[in-house]
Amino acid sequence: MTKTAERLPAAAAPPAPPPSPADGGRGRRALADQVRAYGFLLGGLLCFALFSWYPAIRAVVIAFQRYTPGSAPEWVGTANFRRVLHDPEFGAAWRNTLTFTLLALLLGFAVPFVLALVLNELRHAKAFFRVVVYLPVMIPPVVSALLWKWFYDPGAGLANETLRALHLPTSNWSNGTDTALISLVIVATWANLGGTVLIYLAALQSIPGELYEAAELDGANLLQRIRHVTVPQTRFVILMLMLLQIIATMQVFTEPFVITGGGPESTTVTVLYLIYKYAFLYNDFGGACALSVMLLALLGAFSALYLRLTRTEGDA
């Protein structure tokens, strides 16, 4: 090649073709799809803000006001909190709520986990037993509480009738000061059993079978396999369900409201039931919102812990 040929400029690139009408149509359709999607999202956000965020913010504001129906709100600062703290039922409500949460947590952890282990080992009629276990979740909570109220009736209730047929001593169940709270714990555990069992069962079925085979080859028995294989492999699910159960059980209301009415002798008055009494029996919405803010702060701490743990597990 000659030096003259080496100095010749490179051929210019051909100009890009103009966009076709089809490309413009696809762009407009994509933009329309995005606008439609954000429109649906905006509707959901507005509904959530109207029925969730606004009531929560309004409750925080009313907690610092003297607010009764038919009168103008009056700013009172922390007076509502001080009045609620000096209520004789305040300590009993928190004590009952924490005791209920602890007992429900113990039963709500052990019973569903054992049932999930049993269902996981079944070879026949798995679908039938899953439906049977999940059936209480499909019953409306108020209907479930009314059924248990009849079941606990100290006179002609099914529980005492069964004990009499077996020549065993009867109990006051939900009418006794020493048995009322644990009776409500049994109701709550039974009502929420199905969902927890299915979550545990899904976690158990995700464990590789090779781990159990290796444990059996090492001579591990059933309890050792559960301790060294099952529990470590499902520890994250166990912890998450434990936190969610704490958040749920500390908001218990239906069982004491329907079955015991907070009695006997305020042994089943919970924080949420006391909020109901302040708002709808005493017409003291300021005190009710002050209690709600206290409960919100405690549950917010557990929710923040739950979100932190789930984010840490996702990053891992």
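The model is a predicted one, in which local features need pLDDT of at least 70 and side-chain atom pairs count only at pLDDT 80 or more, while totals for chains, interfaces and linings use all residues. Residues are numbered from 1 along each chain as its sequence is written, and side-chain values use heavy atoms, with hydrogens and water left out.

Start with the whole chain. It has 15 helices and two strands, these being DSSP runs numbered from the N terminus (H or I, at least four residues, for helices; E, at least two, for strands). The radius of gyration is 30 Å, whereas a compact globule of 316 residues would come out near 20 Å; the radius is taken over C-alpha atoms, and the globule rule is 2.2 Å times the number of residues to the power 0.38. Along the principal axes, the C-alpha atoms fill a box of roughly 115 × 75 × 35 Å. Of the 316 residues, 33% count as buried, that is, under 20% relative accessible area with a 1.4 Å probe, protein chains only (exposed is over 50%, partly exposed in between). As for contacts (heavy atoms within 4.5 Å), 65% of those between residues at least 6 apart in sequence join residues at least 24 apart.

Next, a helix pair. Helix α4 (residues 88–121) packs with helix α14 (residues 271–281) at an angle of about 145 degrees, and their axes are 8 Å apart. Here axes are lines fitted to C-alpha atoms, for helices over the stretch in contact, and angles run from 0 to 180 degrees between N-to-C directions. On the α4 side, Glu 89, Phe 90, Ala 93, Trp 94 and Thr 97 take part, meeting Val 271, Leu 274 and Lys 277 of α14.

Helix α7 (residues 158–165) has Ala 159, Asn 160 and Leu 163 as its buried residues. Down the axis of α7 these fall within an arc of 90 degrees, so they line one face of the helix; the arc is that of the directions from the helix axis to the C-beta atoms. What they pack against is α6 (141–151). After α7 comes His 167, with a positive phi near 60 degrees.

Last, the loop between α11 (222–233) and α12 (235–249) holds Thr 234. Thr 234 counts as buried because its relative accessibility is 1%. Leaving aside residues up to four places away in sequence, Thr 234 touches Phe 113, Ala 203, Leu 204 and Ile 207.
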